[in-house]
Amino acid sequence: MTAVDMQNVIKKYGSTVALDSLTLSIPEGQITGVLGPNGAGKSTFFKTLVGLTRPNQGDITVLGQKPSWKVNRQVAYLADQCRWYEYHTVREAVEYGHAVFPDFNMDKAQELVLSLGLANDASVGSLSKGQKARLQLILCLARDVQLLLLDEPFSGIDMVSREKIIEGIIQTFSNNKQTIIISTHEIHQAESLFDQVIFMDQGRVIMAGEVETLRQERGSIENIYRGLFQ
Amino acid sequence: MTRFWALIDNSGKFNKDHNYTANLRWQLFNTLLVLLTSVGFSYSLGPFSLLAFVPVFLLFAAFISASSQISREWREQTISWWLTVPCSRSELLASKLLGALIRLTKIAGISIVATALIALGWILVKPDIWTMPAISVAALMASKLYILTIIVLPLAMALGMFFAVLMRSRFKFFAPFIIAFVGAAFGAGANYLLPILGKTEVDTQLTLISQIPVFNLSLTAIVLRVGLMLVIAAVILALSSYLLAEQTEV
Amino acid sequence: MEVIDVAGIRFALDLSQPLWEQVLHQIRGAVARGELRAGEKIPSLRELAGQLRINPNTVMRAYQELERDGLTETRRGQGTFITASQPKITEIKISLAREAVQELIHAMNNLGVDKKAALTLLEEAVWQ
């Protein structure tokens, strides 16, 4: 069963082609990494999955349906460079998540707040960049959803926060229910998380495959990336 | 807390937004209000009619309040969180409207109370102008103006919401035309509404207040007009939901 | 190369090789060397994945292989344990010893040292 299916998806912003007849398939129950240079179309790819952007052409299937707010009941999405409401406290943010997202697991959320080292009474505005990233990740991971989309969750984040985020993902990943898609530039730190990997450039898939098989054939994912994009 | 209420509550939060520049706008609005009130009540009854601008300002404030509730999601980069809440776009927009209403009520409440207190002060200071008949006429006029404002409020807020969504949709270049159209429609609608205010005989002693509003419509006629306002607001909400769902991108 | 100690087992993971095989071999090695004793409890799948910071599916593959070999057994509600069977452990030791011998032969071949010369070297070497 595939979690995400794309057939010849084209997305243009004016004259810029963000997705160039993109065709791919992401299996469920696994963690898939989407790697590629800036401008490869990774963020646009994520946005089309949650319906924030509509393609000009092509078919997109998410969990067996077309992207819509109804499918988003089963999708948790962490956008690139997005912020949380600064006037919330950590506790209020979690309560808001609980009220607004179905399947939000309050116990899991509170566990994650503790294990990721956040203080319940701190206001979001006073948190560091890394702590804000951890909070937003908690709001995704605490949801019992089938599909988790993380667009550059490590971007600009300090090393400790990155490690905690990785630990959080491993802690909550449930391989018989969940599919995770992560895009990142921190390949060295994140590649041990991936079951599958997709390399994108200029809106197309240039290589994809099972990570352990690729390791056997070609070495580390980081080296493969270097080989492709240098 | 249900989802809908949580969404409203998130919009209604006002006091904690200390960085938000809208606070500046509200301060400006309140200052203007105080000035106008003082002018209106301090000299003669002539400038008193300036007070009619107060409810008009409230309508503008309603428009801006509703519009900024929505545009701030884009501005503060929380938009992808807001738009991926798994509920219909109508629910999202309706919650913003109600949140704006709560915010507006808090602000308007403070403004109106402040106006009343200042008015009271000036009334006590100038008993030569403010005789009992004059006060009762003023109170009548003020209350009718505020009632009219409240009737038109849903429409003003719906238009503010529509404007905010329009400016983020792919039709944003049509905004000037749409606003001109809406302005014309509003003008026509005002004609429909104005009979609520009506005109009446004037007490010869208060010739400076030449147009004292009196309701010369039956209660059912008023209810009809209020109902129509709400229906139009609902239609605008539906149109905005469509725009947000199909014609907007992040 | 990341070296991480988990419950007394030293893991050294090389990202340029399949990880599940490394996890498998390193647990086998720990058993053969006696670092993990018969009947001892090993970390759960999720715990090990968390400590090593790798995908739980990867650890699962290694654990499944260990179970298939009979080297571990999972008891419901209690966790995963190294087999209590001494013969099994001896089997692993011998198997790994054989692999070590193969590596030695391979190294000797690369150096152009034949079997007779290699055996002489072995006789001369000091065993601890």
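Predicted model: local features only at pLDDT ≥ 70, side-chain atom pairs only at ≥ 80, totals over all residues.
Figure 1. On the side of chain A that touches chain B, at least two residues each are supplied by β1 (2-13), α1 (42-50), β5 (75-78), α2 (90-100) and α4 (129-141) of chain A. The largest share of that side comes from α2(A), with 4 residues. By residue class, the side of chain A that touches chain B divides into 18 nonpolar, 5 polar and 7 charged residues. The rule finds 1 salt bridge across the interface of chain A and chain B. The side chains of A:K11 and B:E249 meet in a salt bridge, at 3.1 Å from N to O.

**Figure 2. Extent of the interface of chain A and chain B.** Contact between these chains involves 30 residues of chain A and 30 residues of chain B. The size of an interface is often given as the accessible area lost when the parts come together. Between chain A and chain B the buried area is about 2600 Å², and carbon and sulfur atoms give 55% of it. In chain A, the residues that lose the most area to chain B are A:L52, A:R54 and A:Y87, which together account for 27% of what that side buries.

**Figure 3. Overall build of chain C.** Chain C contains 5 helices and 5 strands, and along the sequence these follow the pattern β-β-α-β-α-α-β-β-α-α. The C-alpha trace of chain C spans about 55 × 35 × 25 Å along its principal axes. Of the 128 residues in chain C, 34% are buried. Among the contacts in chain C with a separation of 6 or more, 47% are between residues 24 or more positions apart. Chain C exposes about 8000 Å², of which carbon and sulfur atoms supply 52%.

**Figure 4. The interface of chain C and chain A.** Here 18 residues of chain C are in contact with 24 residues of chain A. The area buried between the two chains is about 1700 Å², with 49% given by carbon and sulfur atoms. Across this interface the rule finds 12 residue pairs in polar contact, both residues at pLDDT 80 or more. Helices α1 (19-32), α2 (45-52) and α3 (56-68) of chain C each supply at least two residues of the side that touches chain A. Of the elements of chain C, α3(C) gives the most to this side, with 5 residues. The side of chain C that touches chain A divides into 8 nonpolar, 6 polar and 4 charged residues.

**Figure 5. Salt bridges at and beside the interface of chain C and chain A.** The count between chain C and chain A is 2 salt bridges. One salt bridge joins A:E167 with C:R53, their closest N and O atoms being 3.5 Å apart. Within chain C, C:E35 forms a salt bridge with C:R33, with the closest N and O atoms 3.0 Å apart. C:E35 is partly exposed, at a relative accessible area of 38%, whereas C:R33 is exposed, at 57%. Salt bridges that share partners join A:E163, A:E167 and C:R53 into one network.

**Figure 6. Two salt bridges within chain A.** Over all chains, a search of the whole structure finds 21 salt bridges. The side chains of A:R215 and A:E191 meet in a salt bridge, at 3.1 Å from N to O. A:R215 lies in helix α7 (residues 211-218) of chain A and A:E191 in the loop between α6 (187-190) and β8 (196-201), so the pair ties together parts that are 24 residues apart in sequence. Both A:R215 and A:E191 are buried. A further salt bridge links A:R226 with A:E222, the closest N and O atoms being 3.1 Å apart. A:R226 and A:E222 are separated by about one helical turn, because they stand 4 residues apart in helix α8 (residues 221-229) of chain A. A:R226 is partly exposed, with a relative accessible area of 38%, and A:E222 counts as partly exposed at 22% relative accessibility.

**Figure 7. Surroundings of A:S161.** A:S161 is placed in helix α5 (residues 159-172) of chain A. With a relative accessible area of 0%, A:S161 is buried. Not counting residues up to four places away in sequence, A:S161 touches A:G130, A:Q131 and A:R134.

Definitions and conventions. Residues numbered from 1 in each chain as written. Chains lettered and ligands numbered in written order. Heavy atoms only, no water. Contact = heavy atoms within 4.5 Å. Buried area = accessible area lost by both parts, 1.4 Å probe. Salt bridge = Lys/Arg side-chain N within 4 Å of Asp/Glu carboxyl O. Nonpolar A, V, L, I, M, F, W, Y, C, P; charged D, E, K, R; others polar. Buried < 20%, exposed > 50% of the residue type's maximum accessible area, 1.4 Å probe, protein only. Areas by Shrake-Rupley, 256 points an atom, 1.4 Å probe, with all protein chains shown as cover. Polar contact = N/O pair within 3.5 Å; in protein donor to acceptor, adjacent residues only side chain to side chain.
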